[in-house]
Amino acid sequence: MRKNIVAGNWKMNKTFSEAEELIDQIVVGMEELSLKCEVIACPPALYLEMASDYAEESRIKIGAQNVSEHEKGAYTGEISAPMLASVDIEYCIVGHSERRKYFHETHEQLAKKVDILLDYDIKPIFCCGEVLEEREKEIHFDVVKKQLEESLFHLNKDEFSNLVIAYEPVWAIGTGKTATPEQAQEMHAYIRSLIAGKYGDDTAEETTILYGGSCNPGNAKALFANKDVDGGLIGGASLKADDFLKIAQSFE
Ligand code: PGA
């Protein structure tokens, strides 16, 4: 179901006590606000169970940042979908550009991650987006199309309806260089048209598409005001409760 979402990707930040403080501040802050969006926190894996306990008592939802494409076994250091499900994790980021770049995740591997998450009723937040060179060459639409086709379009309509898409132009991540609201809207509309072509207009209209990349309290309103932008995946600005909650209040 299409809804407004603000999701915080904490990446590899915070010690345990800092993570607990941050989640606590977000949860307490949310109690006083009437928000027009769902709020998701994606802390490092080590803190998911602690965060999940907060989710039981509040409106916050919890997501993981990654999952293994394997169900179990000899994969040292990995965390599986059944493990995430066993601590009631609702969402999981898949295919973040940092995972594609530093951990060489492939389209095929990401398709498997999406599949196993859906098997365990965890909603993937699937990231797509071009690097600067691809935008400069004006092949950004083709790049995103391929990412969706190779990792998502094997799903049937029902399966597809359980995922969230995050468009994150790589040149905007952690750089302070945000896509303009027009650039975001243009790509989001294109992504929705691809979904419509594959699954039909109703599925396209029901898909939540987030923007990510240097989103902050100062630019969130202009980005979220676009008709095809349903919220944001927030990195740096999700590490301070005040900033994160300001972003969550940026829906008209
Ligand atoms: P950023 O990161 O907000 O720090 O640019 C976004 C992301 O990587 O999800």
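The legends below describe close-up views of a predicted model.

**View 1. Helix α1 against helix α12.**
Helix α1 spans residues 16-31 and helix α12 spans residues 241-248. Their axes come within 9 Å and cross at roughly 40°. On the α1 side the contact is made by L22, Q25, I26, G29 and M30, and on the α12 side by A241, F244 and L245. Of the residues in this contact of α1 with α12, six are nonpolar and two are polar, with no charged ones.

**View 2. Helix α1 against helix α2.**
The axes of α1 and α2 come within 10 Å and cross at roughly 20°. Angles under 35 degrees count as roughly parallel, so α1 and α2 are roughly parallel to each other. The crossing of α1 and α2 is right-handed. Residues F16, A19, E20, I23, D24 and V27 of α1 meet M50, A51 and Y54 of α2. Sorted by class, the contact of α1 with α2 holds seven nonpolar residues, two charged residues and no polar ones.

**View 3. The buried residues of helix α2.**
Helix α2 covers residues 48-56, and its buried residues are L48, M50, A51, S52 and Y54. These buried residues of α2 pack against α1, against β3 (61-64) and against α3 (81-86). Among them, M50, A51 and Y54 also take part in the contact with α1.

**View 4. The largest nonpolar core.**
In soluble globular proteins, nonpolar side chains tend to be buried together. The largest nonpolar core of this model has 70 residues. Within this core, I23, I26, L148, L152, I165 and I191 touch the most other members. Helix α9 (residues 181-199) supplies the largest share of the core, eight residues. Two of the residues named here lie in α1 contacts: I26 is part of the contact with α12, and I23 is part of the contact with α2.

**View 5. The surroundings of L152.**
L152 is one of the residues that touch the most other members of the largest nonpolar core. Leaving aside neighbours within four places in sequence, L152 is in contact with V114, F126, Q147, F160, L163, I165 and Y199. Of these, I165 is also listed with L152 among the residues touching the most other core members.

Conventions
Residues are numbered from 1 along each chain as its sequence is written. This is a predicted model: local features need pLDDT of at least 70, side-chain atom pairs count only at pLDDT 80 or more; totals for chains, interfaces and linings use all residues. Side-chain values use heavy atoms; hydrogens and water are left out. Axes are lines fitted to C-alpha atoms, for helices over the stretch in contact, and angles run from 0 to 180 degrees between N-to-C directions. Helices (H or I, at least four residues) and strands (E, at least two) are DSSP runs, numbered from the N terminus. Contact means heavy atoms within 4.5 Å. Ala, Val, Leu, Ile, Met, Phe, Trp, Tyr, Cys and Pro count as nonpolar, Asp, Glu, Lys and Arg as charged, and the others, Gly among them, as polar. A nonpolar core is a set of buried Ala, Val, Leu, Ile, Met, Phe, Trp, Tyr and Cys residues joined through side-chain atoms within 4.5 Å. Buried means under 20% relative accessible area, exposed over 50%, partly exposed in between (1.4 Å probe, protein chains only). Angles under 35 degrees count as roughly parallel, over 145 as roughly antiparallel, 65 to 115 as roughly perpendicular and the rest as oblique. A crossing is left-handed if the near helix is turned anticlockwise from the far one by less than a right angle, and right-handed if clockwise.
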